[in-house]
Amino acid sequence: MPSVIFDLDETLIDRSLAMRNFAEALWERYLCEGELSLASFVEQVFSLDQYGYAPRSEFFAAMWANFSKLIPNKEIIEEAFFAEVWRTPVLANGVIDCLSRLKAADIPLAIVTNGSSEAQSNKIEHSGLNGFFDVLVVSEELGVKKPDPSIYLEASARLGVLPAK
């Protein structure tokens, strides 16, 4: 039986757009009247985030270290991040149509994703994706990250399909 395993960030969810929304919200609220341009701020945010690979605690600490003179407190950064990136994720174009067609064809679907269980579950729930997937494998829970083959083998086993399918 064929199945499909998806990545979450930058495949199903446009994480870059969500991060841009986060940066723009902060800039508009706290930085727009200063000397730092929106483009420069967005670039710095992406760099500090290491394009999704920085641990959240390190990212928040780096944001606070760089912008503490402009943003009243660290909690504002964290709350804006959770609001824009976790609670209002942006789906990539065509995702719902694609998933609907796969589900209509009774093809088992899984997500394999790196990151924290809390973050990934929030994004899935708030994006409306949770009804489409039979299996979710999060690196934090399994103790291995993509591209380690064992995370994909685990998804295949949970789907009840052979990895080649």
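The legends below describe close-up views of a predicted model.

**View 1. Helix H1 and its surroundings.** Helix H1, made up of the 17 residues 15-31, reaches 22 Å from its first C-alpha to its last, which is close to the 24 Å expected at 1.5 Å a residue. Its buried residues are Arg15, Ala18, Met19, Phe22, Ala23, Leu26, Trp27 and Leu31, and what covers them includes helices H2 (38-48), H3 (56-67), H4 (74-86) and H6 (117-127).

**View 2. The largest pocket.** The largest pocket holds about 710 Å³ of space. Of the 28 residues in its lining, Asp9, Gly52, Tyr53, Asn114 and Gly115 are the closest to the centre. H1, H3, H4, H6 and helix H7 (139-142) each give two or more residues to this lining, with the largest share, four residues, coming from H4. Sorted by class, the lining has 11 nonpolar, eight polar and nine charged residues.

View 3. Lys146 and Asp7 form a salt bridge in which the closest N and O atoms are 2.6 Å apart. The partners are 139 residues apart, Lys146 lying in the loop between H7 and helix H8 (149-159) and Asp7 in the loop between strand S1 (4-6) and H1. Lys146 is buried, at 18% relative accessible area, whereas Asp7, at 23%, is partly exposed.

View 4. Elsewhere, salt bridges with shared partners join Arg15, Asp49 and Arg56 into one network. Within it, the closest N and O atoms of Asp49 and Arg56 are 3.0 Å apart; Asp49 is buried at 0% relative accessibility, and Arg56 is partly exposed at 21%.

Key
Residues are numbered from 1 along each chain as its sequence is written. This is a predicted model: local features need pLDDT of at least 70, side-chain atom pairs count only at pLDDT 80 or more; totals for chains, interfaces and linings use all residues. Side-chain values use heavy atoms; hydrogens and water are left out. The expected span of a helix is 1.5 Å times one less than its number of residues. Buried means under 20% relative accessible area, exposed over 50%, partly exposed in between (1.4 Å probe, protein chains only). Contact means heavy atoms within 4.5 Å. On a 1 Å grid over the protein atoms alone, a cavity is a set of points where a 1.4 Å probe fits but cannot get out, and a pocket is an open set with protein on both sides within 12 Å along at least five of seven lines; lining residues have an atom within 4 Å of a point. Grid points are joined across faces, edges and corners, and a volume is the space filled by probe spheres set on the points. Ala, Val, Leu, Ile, Met, Phe, Trp, Tyr, Cys and Pro count as nonpolar, Asp, Glu, Lys and Arg as charged, and the others, Gly among them, as polar. A salt bridge is a side-chain nitrogen of Lys or Arg within 4 Å of a carboxyl oxygen of Asp or Glu.
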